[in-house]
Amino acid sequence: PDSDIDVLVIESSGDWRVSDTVYRLSTEILLETGVSLSVKVVSRAHYEGMLDQRMPFAMRVMAEGVAA
């Protein structure tokens, strides 16, 4: 089976519209290409807190993620 593409967006604006836009775009990509994106949008402060606490999700992102 096909797998999805994991996307983490770390935003610093605090504007909830960023999340709405990201999720809308991921839906458009799915509908236009058939590619499913597994999207997570978190604030910079929240992500830094996850790193400070060495949470497994944040550690996997640091080990396996590709910055763009």
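Helices α2 and α3 are roughly perpendicular to each other, a label used for angles of 65 to 115 degrees. This is a predicted model, where local features need pLDDT of at least 70, side-chain atom pairs count only at pLDDT 80 or more, and totals for chains, interfaces and linings use all residues. Residues are numbered from 1 along each chain as its sequence is written, and side-chain values use heavy atoms, with hydrogens and water left out.

So how do the two helices pack? Their angle is about 95°, and the axes of α2 and α3 are 7 Å apart. (Axes are lines fitted to C-alpha atoms over the stretch in contact, with angles running from 0 to 180 degrees between N-to-C directions; helices are DSSP runs of H or I with at least four residues, strands are E runs of at least two.) Tyr-47, Met-50 and Leu-51 of α2 meet Phe-57, Ala-58, Met-59, Val-61 and Met-62 of α3.

In the loop between α2 (44-52) and α3 (56-64) you'll find Arg-54. Its phi is near 55°, a positive value in a residue other than glycine. Most residues other than glycine have a negative phi.

Tyr-47 also turns up beside Ile-10: leaving aside neighbours within four places in sequence, Ile-10 is in contact (heavy atoms within 4.5 Å) with Val-42, Ser-43, Arg-44 and Tyr-47. Ile-10 sits in strand β1 (residues 5-11).

| Residue | Relative accessible area and class |
|---|---|
| Ile-10 | 30%, partly exposed |
| Ile-29 | 34%, partly exposed |
| Arg-54 | 60%, exposed |

Technical notes:
Buried < 20%, exposed > 50% of the residue type's maximum accessible area, 1.4 Å probe, protein only. Parallel < 35°, antiparallel > 145°, perpendicular 65-115°, else oblique.
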